[in-house]
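Take a walk through this structure, one element at a time. Keep the sequence beside the coordinates as you read.

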Amino acid sequence: MNIFPKLGFIVLLSILPVVSKAQNDPQAAIAKKQADLERQRLDLEKKSLDLQQKELDLEKARQEFQAQQSGRSLSMNLSGDVLFDYDKAALKPEAEVALKKVAVVLSQFPESRVTIEGYTDSKGSQQFNKQLSIERAQAVKNWLVKNGNVAEASISTKGLSEQYPIAPNKNADGTDNPLGRALNRRVSIIVEKPAAPLPPTP
């Protein structure tokens, strides 16, 4: 008589209660649920950060080349993050795309006076930001003179540091506002067109 089938049946019976107990353990079920919730929370957090980054990238692209014209003056705003690395004054290679557009605009007004203003956000010391804004404005001028065929004598530069922000550097509750700070890091190019000549008197 073969006793192995019975032994196999006995072993199976002895395992079943252990498995059943693990499945019915409330602490294990709670721990699994908590792990699932934590994973979902991290996924949502990542999606939120990704969304914020996309919003920032979109706003930077909009600011990359924004021209405003009123009367005899033309103003062009370039995102500082498009032109420079953070806290640096050396132009990035990709800055040439935006500066070539500026050079084309300036070529339409060869007799105009051009002022390049550098700005920073409010992070860092005033002394550091002042120097950085001066160097950034000068870097843009140097590029336009060397590569854009703009007369050096017609361009002046200003470093205005964190003055005249166009967006809040901090939120209402005092927390950091990275999107606002990114908008404030910019270079403005103001073109003062010469006055139209008066018609000859009869």
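Which residues of α4 are buried? They are Ala95, Ala98, Leu99, Val102, Ala103 and Leu106. Buried here means under 20% relative accessible area; exposed means over 50%, and partly exposed lies in between (1.4 Å probe, protein chains only). Seen down the axis of α4, these buried residues fall within an arc of 145°, so they line one face of the helix. The arc is that of the directions from the helix axis to the C-beta atoms. An α-helix has 3.6 residues a turn, so residues three or four places apart point the same way.

A word on the source. This is a predicted model, in which local features need pLDDT of at least 70 and side-chain atom pairs count only at pLDDT 80 or more, while totals for chains, interfaces and linings use all residues. Residues are numbered from 1 along each chain as its sequence is written, and side-chain values use heavy atoms, with hydrogens and water left out. Helices (H or I, at least four residues) and strands (E, at least two) are DSSP runs, numbered from the N terminus.

Helix α4 covers residues 95-107. At 1.5 Å a residue, its 13 residues should span 18 Å, and its end C-alpha atoms are 18 Å apart, which agrees. The expected span is 1.5 Å times one less than the number of residues.

Next comes strand β3, residues 113-118. Of its 6 residues, 5 are buried. β3 pairs with two strands; pairing requires at least two DSSP bridges. With β5 (residues 186-192) the sense is antiparallel, over 6 bridges. There, Arg113 has Glu192 as its bridge partner. With β4 (residues 155-159) the sense is parallel, over 5 bridges.

Now follow the loop between β4 and α6 (178-184). Most residues other than glycine have a negative phi. Ser161 has a positive phi of about 50°, and Tyr164 has one of about 55°. Ser161 is buried, at 7% relative accessible area. Tyr164 counts as exposed, at 55%.

Finally, turn to helix α5 (residues 126-147), which holds Arg136. Arg136 is buried yet has no salt bridge (a side-chain nitrogen of Lys or Arg within 4 Å of a carboxyl oxygen of Asp or Glu). The nearest side chain of opposite charge, Asp81, is 5.5 Å away; Lys and Arg count as positive, Asp and Glu as negative, and His and the chain ends are not counted. Arg136 touches several residues (heavy atoms within 4.5 Å), among them Phe84, Tyr86, Tyr119 and Arg185.
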